[in-house]
Amino acid sequence: MTVQTERPPSGPVDVTKRDESGLAGPRPRAAFRAGGLTPYLLLLPACAATVLLLGWPLVKDVLLSFQNLNMAQLIQHVTEWNGVDNYKEVLTGEDFWRVTLRSILFTAVNVALIMVAGALVGLLLARLGKRMRVLLLVGLVLAWAMPVVAATTVYQWLFAQRFGVVNWVLDKLGWHSMADYSWTSSQMSTFFVVTVLIVWMSIPFVAINLYAATTTIPSELYEAAALDGAGNWKSFTTVTLPFLRPFLYATTFLEIIWVFKAFVQVFTINGGGPDRLTEILPVYAYIEGVGNQHYGMGAAIAVLTILILLGLTAYYLRIVLKQEEDEL
Amino acid sequence: MKRSLFGRLWPNVTAVVLFIGFVFPVYWMFSTAFKPTGDIISENPVWFPTDVTFEHFERAIGVDHFWTYVTNSLIVTLCAVGLALVVALAGSFALARMRFKGRRGFVIGFMVAQMAPWEVMIIAMYMIVRDASMLNSLVPLTVFYMMMILPFTILTLRGFVAAVPRELEEAAMVDGCSRAQAFRKVILPLLAPGLMSTSLFGFITAWNEFPLVLVLNKEAEAQTLPLWLSSFQTAFGNDWGATMAASSLFAVPILILFVFLQRKAVSGLTAGAVKG
């Protein structure tokens, strides 16, 4: 308490000091004020755009979630407020919780795979000789660069029921029942294809950035560890891992956020099917809202999803901001 | 410190296996696009096609409205990137070079905006655009794409502006330039590489965008390439040759840009929001 009450006075003291050094008079003060406005003017277009194009849709989403808005109301352009009915229906229904649980599991599995495999590939990059490293980097960059929509069509072809390469390989490996297997026919196999796709697309980001981070570890640290008698494993756990920990935290959260809203991959591979069994939250909001034209319901699901994402983002930014405290 | 033969061998073997794993889907896309149909529909995959054909590309390009999609994609993407650059340049200069109250708040605000859940907001965006009677128009797409890439552009450019030595600017002002002139004549030329790579990343994001155009523009005249590509499956049944040709056409510009940008990708992302 005492610290808090003591703090405010120190502020004004600083200000008066600054005024004294600037020889407080009408002219410098006016110049200071004009200079004080410039940054805000420069930031005005960006902030206006953000409020108008990001803030407004967000507010609109919240407003829509309190409306009874279906096909009929949409065509007649009427606004029917129905309070928290949408939320009541969503939160008391079984579907929402099932989809939420599914989204969490889906995200957990994907992020775990991405982070473990990505970190291993990154460490491998650091260990490889120059030629092999460039080779692997080329492969990673190609996968990283593939546009999502193009990648999903390619994966549909790889996993195609007839003439798909994956089925052919499985058949040749002795798994003959897979020869004409339809990957989109069941929940788990659809999720399998989506997971392979997402992990394939996401590993390069983790691996390449992790490799870049390892190159910034001062070699003196390893020398010191070696002098202290640390072996390979020991110097890994005492030097490499602590050095990379902030990076790993930040990247994990980034991947959680990205995978959690992986709309395009899930939607284009199988449209959330079969029988809506692979819908994750963003796809569920879209199919309920736009697909089944329960726009109010869809908006309520969207608001709940945004709240979850906001929590994740806040946590992520806390990690990141802690690292660049001094830079801001 | 000599490693055993096995110790030297396994990283390289793993690297080769991984390389094949990462490259194969891309390779398979291109090779399918150039293979004659007989090689695509064969009981045993043809790994290395010997006959090359362009018929799949002809069918992919021959789709109704193909050139409309290309023009739309280019217009929307280039306008979005251009707008974002102009808006971001002013903001990033303020954030990198000036001290003012709330600067930290602005930076954090743009970081939050960068993580905006666009995929989940499409219902609201649809309603806004519909109420403005702007469905099936390129204007809403352009401004929303601009907004999608704006936070990233500001945060990245801020890093590039901060990297230009302050002394250069001061020297120009000592020589009689105004602050605006110093910016135009000294900082802007030095920023060119930064502007280039930042805008290319924005280009990639806008070029790939799919959910919003899917909802907003149902008429072919106002659609973009991602929709053309995703509609191939339904329109062409199992014509994998044409589908892969379309995927190749869509992916090639991005692949070229990205490989060209790879170095900047790492440093750019670390300099921007994704501080590693």
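In the predicted model described here, B:I149 touches B:A80, B:V81, B:A84, B:G202, B:T205 and B:A206, residues up to four places away in sequence being left out; two residues are taken to be in contact if their C-beta atoms, placed from the backbone, lie within 7 Å. As this is a predicted model, local features need pLDDT of at least 70 and side-chain atom pairs count only at pLDDT 80 or more, whereas totals for chains, interfaces and linings use all residues. Residues are numbered from 1 along each chain as its sequence is written, and chains are lettered from A and ligands numbered from 1 in the order in which they are written.

B:I149 is also, together with B:I123 and B:L150, one of the residues with the most contacts inside the largest nonpolar core, which has 161 residues. A nonpolar core is here a set of buried Ala, Val, Leu, Ile, Met, Phe, Trp, Tyr and Cys residues joined through C-beta atoms within 7 Å, and a residue is buried if 20 or more other C-beta atoms lie within 10 Å of its own, exposed if 12 or fewer, and partly exposed in between, with C-beta atoms placed from the backbone. Helix α9 (residues 187-214) of chain A provides the largest share of this core, namely 16 residues.

The contact between the two chains takes 77 residues from chain A and 74 residues from chain B. On the side of chain B that touches chain A, 60 residues are nonpolar, eleven are polar and three are charged; in this classification Ala, Val, Leu, Ile, Met, Phe, Trp, Tyr, Cys and Pro count as nonpolar, Asp, Glu, Lys and Arg as charged, and the others, Gly among them, as polar.

Chain B contains 13 helices and zero strands, and chain A contains 14 helices and zero strands, where helices (H or I, at least four residues) and strands (E, at least two) are DSSP runs numbered from the N terminus. Of the 276 residues in chain B, 44% are buried, while in chain A 37% of 328 residues count as buried. Among contacts in chain B between residues at least 6 apart in sequence, 76% join residues at least 24 apart; for chain A, residues 24 or more positions apart account for 67% of the contacts with a separation of 6 or more. Along the principal axes, the C-alpha atoms of chain B fill a box of roughly 75 × 70 × 35 Å.

An automatic or database domain assignment supplies the domain bounds, and chain B is divided into domain 1 (5-53) and domain 2 (65-271). The centres of domain 1 of chain B and domain 2 of chain B, taken over C-alpha atoms, are separated by 33 Å, and seven residues of domain 1 of chain B are in contact with six residues of domain 2 of chain B. On the side of domain 1 of chain B that touches domain 2 of chain B, two or more residues are given by each of α1 (5-34) and α2 (37-40) of chain B, and the largest share, four residues, comes from α1(B). By class, this side of domain 1 of chain B has four nonpolar, two polar and one charged residues.

The annotation "transmembrane region" comes from UniProt (unreviewed entry) and covers residues 12-30, 74-95, 107-129, 141-165, 186-207 and 240-261 of chain B; UniProt positions are given in the numbering used here, feature names are shortened, and annotations may be inferred rather than shown by experiment. Residues 12-30 of chain B are 100% helix and 0% strand, with end C-alpha atoms 26 Å apart, whereas residues 141-165 of chain B are 92% helix and 0% strand, with end C-alpha atoms 37 Å apart. In chain A, UniProt (unreviewed entry) places the "transmembrane region" feature at several spans, among them residues 191-212 and 247-267. The end C-alpha atoms of residues 191-212 of chain A lie 31 Å apart, in a span that is 100% helix and 0% strand, and those of residues 247-267 of chain A lie 31 Å apart, in a span that is 90% helix and 0% strand.

Positive phi values in residues other than glycine include that of A:Q293, near 55°, and that of B:H65, near 70°. A:Q293 is found in the loop between α13 (281-291) and α14 (295-323) of chain A, and A:Q293 is partly exposed, with 15 other C-beta atoms within 10 Å. B:H65 lies in the loop between α3 (55-61) and α4 (66-97) of chain B, and B:H65 counts as partly exposed because 14 C-beta neighbours lie inside 10 Å.
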